[in-house]
Amino acid sequence: MSADTVPDESTRVPDAGDDVLVVRSLVRRFGGITAVDDVSFRIGQGETYGLLGPNGAGKTTTISMVAGLIRADSGATLVNGREMGPDRVDVKHHIGLVPQNLAIYPDLTGRENLRYFGRLQRLGREALDRRVDEVLELIGLTDRAGDLTKEYSGGMKRRLNIGIGLLHQPRLLILDEPTVGVDPQSRHAILESVEALSVEGMAVLYTTHYMEEAERLCDRIGIIDEGRIQAEGSRDELVRLTGGVDHIRLNGSGDIDVAADALRELPEVEQVDADRRTLYLTVRDAPTAVARIVTSATRAGLSLTDVEITRPDLESVFLHLTGKALRD
Amino acid sequence: MRPALAIGVVELRRFFRDRSNIFFVFIFPLLLVLVIGLQFGENSSQGRVAVAGDGSALRTAVVDELEADDVTVTFDDADDVREQLARGRSDVGLFVSDRAARAFDEGENVRIEIVTAAQSGSQATVQDVRAAVRAVGVEQSQVTALTTAGLDEEAAQDALARARETIQPPEVSVSNVDELAQEFSGVGQFDVGAAQQTLLFVFLISLAGSATLIQARREGVVARTLAAPVSAAQVIAGQVLGRFVIAMLQGGYIMAASSLLFGVAWGNIALALLILSMFCVVAAAAAMVIGSVMDNDSAASGVGVGTGLVLAGLGGSMLPLELFPDGMRTIADFTPHAWGYEAFAEIQRHGAGLVDILPSIGVLAAMAAVLLALGSWLLRRSLARAL
Ligand SMILES: Nc1ncnc2c1ncn2[C@@H]1O[C@H](COP(=O)(O)OP(=O)(O)OP(=O)(O)O)[C@@H](O)[C@H]1O
Ligand SMILES: [Mg+2]
């Protein structure tokens, strides 16, 4: 009868390890464009993995293959060690998808939407009642559960959109840009609940083009552009790719060139550029180096008016890797 | 099949949440049944006779006879009577001149002028009028015979009345040679219209509903449904189920309400429901085809309503099939409506059984099978576009 009675282990692919999700060399083309070009990554239990990339990078296309909505031209997706695809109805139970575009019925209430998608997940009557209430509580919509969702604010719809993905407590939660177009307060609430989920042991695949979100939420981040993962690692690992250097800018009056020469003598300082009133320094570990730099500059006769430290972030990593800004 | 059920239930819920549907499903069809029934009803009475001439014993006697035969009689002056005939408002005009009235009173030869309208059905009325006039003539000649034999007029009338009570006069049944009039004889005033509107609205409501499938695809709910452990086949089954139940409710409602309010006879109820459900499958599958081929929901509503009306018109749900010229009748057979109409006509008018309507049911089933296969294939294809 239904495919979900097939025992898990029989179809487990041996080398999947303990990872909840294994994505191997996925490729997907649309006509002439290769939307996803040889993408691979893994997500372990309790881990939050971020796909960070600009519009059109291929995030949604990757997610659509992972969720079994579209077929890959080549490559494989393993969820819980079992191959995923459009026909793998049994494997789909393990994922919760929160699509980029709100996928809720506007002419049904919040509760009706939850119950409908809960039924599709084959939750029994009792489990359904319980989970719907729990999720409503979690997304803060208990009071508005009986209202049609077309009367909800943008943030409320986003929260419901996420809640639907959580109903059946999947092993892997996939969130495709879940904070687009929400106010800072709702956004904060969404990020907090995602953090809470990974603490509970859920694996999370999170796409975004906001680097702050990726930095805050994700254990590991894949930087994706033009269908390819350009680099992958923790935030600190990625930052190190830029050379691991910080920037310090000094403003002041005095003999700029003399000060520049003095600073070049310091071992922490890798490079110094100067214009009429400003020095731009490339240094290692700016927070520790800044005291000596300020002392040297002052000793060289510069009277400082302003000191600014810039440490690299994912934005600069992206710039470094692709030569363009993350947001256009 | 639980997911398919869940999908079907959601479609129903959404349908009834749309308030504008309530009017179109529950009120509008009955209004049409009423209007069509009223028109059909007047046409199908035992004929309409317009009588010209002043009040006289002759006029009263003839009119009494006609009304006893269920003929509708109206009075007007001679010009208006001619005009009514020309416009087809009356079947027969009866001109009772003053001379005729006087001749009647005096027991002499009476000449009454009868003018018939051109339309079909008036021949039957002419027969009625002839019979009535003859009956009046016979009675008058009997009275004359008795009075010349010496009875006074009152005694003669009395004797005749007594004779009528004891001796059953030979029944003159006017048998109608017009095929059309025969087909509709004995058919209730609202019966044909109710069957037509049932078919028309079931199809219309289904096709117009194809827009909700497009909305669901565009809003991404269909994709999200497929991200759950639900197969494409279950999505398709759920969609068809939802549309089918809506169509059945629409059809069942018109049948029940028209039977209660207008006394429409549906014949064997089990067979009527069989016809309805087969027709509903065709309608639901057709809705899926439109909902999968088109990507714009308001355009789909328009196309749905347009197609629904054209098919209804071609298939005898507006003008009865019996009035179609031959060429159009052949075209009608390409619509499911025509087969539904024929099947309903069989059980409503001729007390047909299952075997009699089996051909119609078979054609409907074949149409349903083709549309279901096509619709499933198209919906599957559209799901790949849903993102
Ligand atoms: N169904 C489709 N047909 C044709 N091209 C497509 C289709 N889906 C995606 N693409 C193309 O594939 C590329 C990747 O699109 P995708 O939606 O995956 O990007 P994304 O990273 O999710 O972008 P965004 O941040 O804007 O959501 C784009 O060039 C897009 O135009
Ligand atoms: Mg996207």
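**Close-ups of a predicted model**

**View 1. Helices 10 and 13 of chain B cross at roughly 40°.** The axes of helix 10 (residues 210-218) and helix 13 (residues 269-293) of chain B come within 8 Å; axes here are lines fitted to C-alpha atoms over the stretch in contact, with angles from 0 to 180 degrees between N-to-C directions. Helices are DSSP runs of H or I, at least four residues, and strands are runs of E, at least two. Residues are numbered from 1 along each chain, chains are lettered from A and ligands numbered from 1 as written, and side-chain values use heavy atoms, without hydrogens and water.

**View 2. Asp91(B) pairs up with Arg48(B) in a salt bridge.** The closest N and O atoms sit 3.3 Å apart (the cut-off is a side-chain nitrogen of Lys or Arg within 4 Å of a carboxyl oxygen of Asp or Glu). Asp91(B) is in the loop between helix 4 and strand 3 of chain B and Arg48(B) in strand 1, so the pair ties together parts 43 residues apart in sequence. Asp91(B) is buried, at 7% relative accessible area, and Arg48(B) is buried too, at 14% (buried is under 20%, exposed over 50%, partly exposed in between, with a 1.4 Å probe and protein chains only).

**View 3. Arg349(B) and Glu322(B) meet in a salt bridge at 2.8 Å, N to O.** Arg349(B) belongs to helix 16 of chain B, and Glu322(B) to the loop between helix 14 and helix 15, 27 residues apart. Arg349(B) counts as buried at 16%, whereas Glu322(B) is partly exposed at 26%.

Terms used
This is a predicted model: local features need pLDDT of at least 70, side-chain atom pairs count only at pLDDT 80 or more; totals for chains, interfaces and linings use all residues.
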